[in-house]
Amino acid sequence: MKIAVASGKGGAGKTSIAASLVLGRPGSLAMDLDVEEPNLGILLGFEGGTTRPVLQPVAFLEPDLCSACGRCAQVCEFGAIAWFGSGLPVVNESLCHGCGACPLVCPTGAMRERDREVGTIRSGTAAGGPFIEGRLRVGSVSTVRVIDETIRAGTEFKAHDWIMDGPPGVSCPAATVLRAADAALMVAEPTPFGLSDLASVLEVASDLKKPTAIVVNKAGLGERPLDDLCRRFSVKVLESFPFTRSAAEAGALGRCPYGTDADWAARTGRLWRAIERTFS
Ligand code: SF4
Ligand code: SF4
């Protein structure tokens, strides 16, 4: 089963829960798809393996062939080509999404495409199990491309269970991870901000018709009830992880509480059983 671990906001504890699920089910694939700030590998002690580039075609200009007609700039929906009414257009590669429109409309063949590295995929083993991580190149906008390629590369491991640590929020990258998963586990922080953002991400999962459940993290930090949201989206809370000093200390040291907190590990075991009951 491919489980997306998601959250409405950053800082809810999504990566700690994802790492705990990996450690609680040896052999499951740990997949870090939070490609703008991947850190699942830190919690799992990933020390390196193989690295491969993620390439994407981007537009570039052959100036000698250009007739300065401006069509390429007019067709680009991403503002990646600047043209000022005369003279040669200027391509900003870092804004190019590689949609292929400008080479298509260019009448002279001056606008072409070449591969650009937009990120990397690192893979190997972490905590004794398979691990893969997508990492966006600084300055690149091709987040979804890196996520898609990482998911594709993950199939090489042939793992039965995938734990997909996705980006927080409701943007295209977050929706891409939810779409690729069999089920979504939403990590909720019971605070006003946490529940407001949880409602947004539950709405996305509902639109995608994704089987969804909630796990509460930092229980005790706030006492906002989830009952209304659970009723509204027909989801249930599978487990609750308390806001404790030992969990906070583990996080501050870049460790997963699963390895240092027996109560946390027991709750992870219960969470796995609840996941199987709910999503199987
Ligand atoms: S390939 Fe698409 S996104 Fe890139 S510059 Fe051309 S039109 Fe714009
Ligand atoms: S469409 Fe082609 S010929 Fe026209 S400005 Fe762009 S690159 Fe030059």
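Modeller: For sorting lining residues, Ala, Val, Leu, Ile, Met, Phe, Trp, Tyr, Cys and Pro count as nonpolar, Asp, Glu, Lys and Arg as charged, and the others, Gly among them, as polar. By that sorting, the lining of the second largest cavity divides into ten nonpolar residues, three polar and one charged. Please keep in mind that this is a predicted model.

The structure holds three cavities of 30 Å³ or more. The largest cavity contains about 110 Å³ of space. It is lined by 17 residues, and Ala 59, Cys 76, Cys 96, Cys 99 and Cys 102 are the closest to its centre. At least two residues of this lining come from strand 3 (50-61), and at least two from helix 4 (101-105). By class the lining of the largest cavity has 13 nonpolar residues, three polar and one charged. The second largest cavity has a volume of about 90 Å³. Of its 14 lining residues, Cys 66, Cys 69, Cys 72, Cys 106 and Pro 107 lie nearest the centre.

The largest pocket has a volume of about 480 Å³. Its lining runs to 28 residues, of which Gly 11, Gly 13, Lys 14, Thr 15 and Ser 16 are the closest to the centre. Two or more lining residues come from each of helix 1, helix 2 (40-44), strand 10 and helix 9 (245-252). Helix 9 gives the largest share, four residues. The lining of the largest pocket is made up of eleven nonpolar, eleven polar and six charged residues.

The second largest pocket has a volume of about 160 Å³. Gln 56, His 97, Val 141, Ser 142, Thr 143, Val 144 and Arg 145 form its lining. Helix 5 gives the most to this lining, three residues. Sorted by class, the lining of the second largest pocket has two nonpolar residues, four polar and one charged.

Helix 1 covers residues 14-24 and includes Ser 20. The cut-off for buried is under 20% relative accessible area, so Ser 20, at 1%, counts as buried. Beyond its neighbours within four places in sequence, Ser 20 is in contact with Cys 256, Tyr 258, Trp 264 and Thr 268. Strand 10 covers residues 212-219 and includes Lys 218. Most residues other than glycine have a negative phi. Lys 218 has a positive phi of about 60 degrees, although it is not a glycine.

Lys 158 is another such case, with a positive phi of about 55 degrees. Its place is the loop between helix 5 (143-154) and strand 8 (162-165). Exposed means over 50% relative accessible area, so Lys 158, at 73%, counts as exposed.

That leaves the packing. Nonpolar side chains tend to be buried together in soluble globular proteins. The largest nonpolar core here has 39 residues, and those touching the most other members are Met 31, Met 164, Met 186, Leu 198, Leu 202, Ile 214 and Leu 226. Helix 7 (residues 192-207) supplies the largest share of this core, seven residues. Apart from this core lies another, of 31 residues, including Ala 30, Leu 185, Ala 213 and Ile 275. Taking Ile 214 as an example, and not counting residues up to four places away in sequence, its contacts include Leu 185, Met 186, Leu 198, Leu 202, Leu 226 and Cys 230. Lys 236 and Glu 239 are also among the residues that Ile 214 touches.

For the chain as a whole, there are ten helices and eleven strands. Buried residues make up 49% of the 280 residues. Of the contacts with a separation of 6 or more, 72% join residues 24 or more positions apart. Taken along the principal axes, the C-alpha atoms fill a box of roughly 70 × 40 × 35 Å.

Conventions. Residues numbered from 1 in each chain as written. Chains lettered and ligands numbered in written order. Predicted model: local features only at pLDDT ≥ 70, side-chain atom pairs only at ≥ 80, totals over all residues. Heavy atoms only, no water. Core = buried A, V, L, I, M, F, W, Y, C linked by side-chain atoms within 4.5 Å. Buried < 20%, exposed > 50% of the residue type's maximum accessible area, 1.4 Å probe, protein only. Contact = heavy atoms within 4.5 Å. 1 Å grid on protein atoms, 1.4 Å probe; cavity = no way out; pocket = protein on both sides within 12 Å on 5 of 7 lines; lining within 4 Å. Points joined across faces, edges and corners; volume = space filled by probe spheres on them.
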